[in-house]
Amino acid sequence: MKIHEILAHPVWKRLAQLPGFADLSEPSIKTANGFFEFLMAHNLSSPTAGDIRNWLGDSPEPERAVWLDHLQEVFAVCQPSFLGEIRQARRSSKAKRDKNASDKTTGYQPSRVRKHDVCVLRPTYEARGWDPIAPPQQRAPKRRHVSVRPDSLPLGYQSELRRAADGLPGQEAGMQVPARSMVLRMREKLCQYAWSAGKRELDAELTLSGIDGYLEDLKTRLMLRPQGLRWATMRATVDALLLFSRYSGAPNEITRHLSAYCRDYAVRETGQRALKFFALARTGNSTDRVLDMAEALLAGAAAEEHPRKRHQMRNGATILAVFANAPLRNASAQLVFGETLFWEREEWVIRTEIQKTHARRPEVFEFPIHSEVGRFIDALVLGDASPVMLTTLRERLIRERRQLFVLPDGSPAAATYVPRVFQALSGNSFTTLRVMLYSDAIAHHGVAGIELAKPAAHHASTEIVKRHYIAETVAEIHANKIRNRRSMRLADRLSEGRHDLMAALEEYGEKKPR
């Protein structure tokens, strides 16, 4: 649009009467006119710094800086009180990091989410073409001291690990292909085993004496830890070696030997309280308390002056609120608009695939989010923009298929971001969420609460829930039932005893004295 056509608009006729207007440059007027059209299109009467950033969109950084300079020139004459919003938009308006730069993130690399062209940071082992034997892209934070490098494993073992990573069937007939996370665990345990066997001058392949020596070494190391020997760790280690031996077609004697260890450690594990229960007892956290923390954090974000901190507080509040209601596993927590998070029937819906530990085939999980929790997601969508922009921004993020949690500069948060933020805010690990869920459900609804909580935790077996999440709660419920039944029996006996005594007294009173 030409400059004379712009100045013919009523708003510009009024502004042209202000002192200093004649000194404004033509590019500044054109830029400001585009901003005014954006405000009118979205009915923004009191625009914010967030609205300015939305108007800038994904323009290159040099162009964004020039546009902000033009706005500042015009509003210095027309409305100086708005200059603070422009300065704030300038501070927080940075170009999004190039997608290729995420390759340099320590320990993680971007992977495409199925058929859509979207950059989502996933764990390394979830990337397409992941090679479990390849060396890491960056140097590890500390040197190996109880394991060998994967490329030092026997060539046959390397081949089997690569086959498992590619989803190819194993040697045992009818065996499920293990999940990628289990391939990673198998690799790490084999590397530890090879180191232990090398100390004893044994072959790196699994043998009966090598297994015994490795487990003895592991037990010795665990005893030196602050929490001492954990049978769950021993059982998980043997479980990984057993899974590999079955997949690779190891001799039957190896499989039987590992199975015996696995049964023994599983029994010992049941007599040892899981560390997550100690951690929950230490913090005293519950689902209700986590939700209260989320409310306080979101309310505090509105009073925070710095845009970067506001964004971090909204991220933290959303993590606490959403996952306290839908306690997903670590690998499923990085939600993506239009991929695993949808806006349907006026509410947010999580629809994702849950990857269980042993099964490579994921299971579908669908969970509608209550509006009281969905407003936390809306707060992230809106950012510092005006509330009237919410619908437009929802549609844009779903169209762009952006991660729910991004860093203040707009780059995708790492795969470990959600668990790390949750632990920093609550003092508990992300895996305690399901324990909280069941504990609160039982506290509010009794034993019936187990069935009410199972869909949110994505559990099908009640026995697994009782054994791994609420073993002590169930034991306490049964103990209370036994005590109540005993009290009732005792009360009945006392009642019967009193009746007999009264009968004896009455009988005695009826007798004549001698």
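Which side chains meet in a salt bridge with Asp384? In this predicted model, the partner of Asp384 is Arg310, and the N to O distance is 2.9 Å. The pair links distant parts of the chain, since Asp384 lies in the loop between helix 15 (371-382) and helix 16 (390-400) and Arg310 in helix 14, 74 residues apart. Asp384 has a relative accessibility of 14% and therefore counts as buried, the limit being 20%. Arg310 is likewise buried, with a relative accessible area of 8%.

The structure holds 19 salt bridges. Side chains of opposite charge can pair when their charged atoms come close. One of these salt bridges is formed by Arg246 and Glu172, whose closest N and O atoms are 2.8 Å apart. Here too, distant parts of the chain are linked: Arg246 belongs to helix 10 (residues 231-248), whereas Glu172 is in the loop between helix 7 (155-165) and helix 8 (180-199), and 74 residues separate the two. Arg246 is partly exposed at a relative accessible area of 28%, and Glu172 is partly exposed at 31%.

A further salt bridge joins Lys199 to Asp217, with 3.9 Å between the closest N and O atoms. This pair connects helix 8, which contains Lys199, with helix 9, which contains Asp217, across 18 residues of sequence. Asp217 has a relative accessibility of 11%, so this residue counts as buried.

Helix 9 (residues 208-223) also contains Lys219. Lys219 is buried yet has no salt bridge. The nearest side chain of opposite charge is that of Glu216, at 4.4 Å; a salt bridge requires a separation within 4 Å, so Glu216 does not qualify as a partner of Lys219. When neighbours within four places in sequence are left aside, the residues in contact with Lys219 are Leu229, Trp231, Met234 and Tyr265.

Aromatic side chains were examined next. The structure holds 17 aromatic pairs. In one of them, the rings of Trp55 and Trp67 have centres 5.5 Å apart and planes at 35°, so the pair is tilted. Trp55 is in helix 4 (residues 49-56) and Trp67 in helix 5 (residues 61-78), so that the pair, twelve residues apart, links distant parts of the chain. The two residues fall into separate accessibility classes: Trp55 is buried, with a relative accessible area of 14%, while Trp67 is partly exposed, with a value of 24%. Another aromatic pair, formed by Trp343 and Trp348, is edge-to-face, with 5.2 Å from centre to centre and 65° between the planes. In this case Trp343 is partly exposed at a relative accessible area of 26%, whereas Trp348 is buried at 1%.

The strands considered here form an open sheet of three strands in the order 3-4-5, with antiparallel pairing. Strand 3 (341-344) and strand 5 (363-368) stand at the edges of the sheet. Each has a single partner strand, so one side of each is left without a neighbour in the sheet. Neighbouring strands are turned by 25° against each other on average, direction ignored. Strand 3 pairs with strand 4 (residues 347-354) in the antiparallel sense over four bridges. Within this pairing, the bridge partner of Glu344 in strand 4 is Glu347.

The loop between helix 14 (307-325) and strand 3 contains Ala326. With a relative accessibility of 1%, Ala326 counts as buried. Ala326 touches Ile350 and Phe367, residues up to four places away in sequence not being counted. Ala326 and Leu433 are 107 residues apart in sequence, and their C-alpha atoms are 8.7 Å apart in space.

Note on methods
Residues numbered from 1 in each chain as written. Predicted model: local features only at pLDDT ≥ 70, side-chain atom pairs only at ≥ 80, totals over all residues. Heavy atoms only, no water. Pairing = 2+ DSSP bridges. Axes fitted to C-alpha atoms, helices over the stretch in contact; angles between N-to-C directions. Buried < 20%, exposed > 50% of the residue type's maximum accessible area, 1.4 Å probe, protein only. Lys, Arg positive; Asp, Glu negative; His and termini not counted. Contact = heavy atoms within 4.5 Å. Phe/Tyr/Trp six-rings, centres within 6.5 Å; stacked < 30°, edge-to-face > 60°.
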